[in-house]
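This briefing goes through one protein structure, topic by topic. Keep the sequence and the 3D view side by side while reading.

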Amino acid sequence: MPLGPDTPLSSKLAVLLGRKLRADGKTPSTRDIADATAKTPGGKRTMTHQVVNDLLNGVKANPTIAQLMGLARAFESPVAYLLPGYNGLTSLSVYEEYPDAREALRLIHDLGEAGAAELLEAAREIRLRHGHSDLTVPEVPETLPSVAEPPRPGRRRRLSFTEAAERAVSDLEGT
């Protein structure tokens, strides 16, 4: 689902969180994310886990530049994606990862709309040559389907009155 022009930061972070899994296949905790905001592994974090939680839940919506940089490090995404109005995660990732893409944009700078149209047509032809017939590329890249998370150990969820009664009857009858 493409994100709209007024997508809040918390929604963008939710998209990034859904794309990021720990080595054990589970979603990272806010502490894991806070730890990943450090410039170096084991270094000083740019925010606490509570600030990460507030940003994820939309309680806080205006992080500092250092916090944005840390979030981008933690989620391995372009910093620009976290800014208002920049919703094309795919194009921003290409822009950051491939110097040749930046060079192509620089070269068409003074060619105007005609140059951009020619570059677009050339890109479509290249996609077809490489076997990518679908010309619509999503704003947010599709993630590989994740393995379902196993239930986490700990207390069982609180049962409703009806569920508790049914369980009690089942336990008494030995079924």
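A residue counts as buried when its relative accessible area is under 20%, and as exposed when that area is over 50%. With that cut-off, Val51, Val52, Leu55 and Leu56 are the buried residues to look for in α3. The model is a predicted one. Its secondary structure consists of eight helices and zero strands.

**Overall make-up**

- Along the sequence, the order of elements reads α-α-α-α-α-α-α-α.
- The protein has 175 residues, and 22% of them are buried.
- The accessible surface is about 12700 Å², and carbon and sulfur atoms account for 57% of that area.
- Of the contacts between residues at least 6 apart in sequence, 53% link residues at least 24 apart.

**The largest nonpolar core**

- The largest nonpolar core contains 20 residues.
- Leu13, Ile33, Leu55, Leu71, Phe75 and Leu82 have the most contacts inside this core.
- Two or more core residues come from each of α1 (9–19), α2 (30–36), α3 (49–57), α4 (65–75) and α5 (89–97).
- Which helix gives the most to this core? The helix is α4, with five residues.
- Ile33 shows how parts of the chain meet: beyond its neighbours within four places in sequence, Ile33 is in contact with Leu17, Pro28, Val52, Leu56, Leu71, Ala74 and Phe75.

- An α-helix has 3.6 residues a turn, so residues three or four places apart point the same way.
- In α3, the buried residues are Val51, Val52, Leu55 and Leu56. Viewed down the axis of α3, these residues fall within an arc of 135°, so they line one face of the helix.
- The buried residues of α3 pack against α1, α2 and α4.
- In α1, the buried residues are Leu9, Lys12, Leu13, Leu16 and Leu17. Because they cover an arc of only 140° around the axis, they sit on the same side of α1.
- The cover over the buried residues of α1 includes α2, α3, α4 and α5.

- Leaving out residues up to four places away in sequence, Ala34 touches Arg45, Met47, Thr48, His49 and Val52.
- Arg45 is 11 residues from Ala34 along the chain, and the C-alpha atoms of the two are separated by 6.3 Å.

**Glu76 in a loop**

- Glu76 is found in the loop between α4 and α5.
- The phi of Glu76 is near 55°, which is a positive value in a residue other than glycine.
- Glu76 has 69% relative accessibility, so this residue counts as exposed.

**How α5 meets α6**

- The axes of α5 and helix α6 (residues 99–107) come within 5 Å and cross at roughly 100°.
- The two helices, α5 and α6, are therefore roughly perpendicular to each other.
- On the α5 side, the contact is made by Val94, Tyr95, Glu96 and Glu97. On the α6 side, Pro99, Ala101, Arg102 and Leu105 take part.

How values were computed:
Residues are numbered from 1 along each chain as its sequence is written. This is a predicted model: local features need pLDDT of at least 70, side-chain atom pairs count only at pLDDT 80 or more; totals for chains, interfaces and linings use all residues. Side-chain values use heavy atoms; hydrogens and water are left out. A nonpolar core is a set of buried Ala, Val, Leu, Ile, Met, Phe, Trp, Tyr and Cys residues joined through side-chain atoms within 4.5 Å. Buried means under 20% relative accessible area, exposed over 50%, partly exposed in between (1.4 Å probe, protein chains only). Helices (H or I, at least four residues) and strands (E, at least two) are DSSP runs, numbered from the N terminus. Contact means heavy atoms within 4.5 Å. The arc is that of the directions from the helix axis to the C-beta atoms. Accessible areas come from the Shrake-Rupley method with a 1.4 Å probe; for residues, only the protein chains shown count as cover. Axes are lines fitted to C-alpha atoms, for helices over the stretch in contact, and angles run from 0 to 180 degrees between N-to-C directions. Angles under 35 degrees count as roughly parallel, over 145 as roughly antiparallel, 65 to 115 as roughly perpendicular and the rest as oblique.
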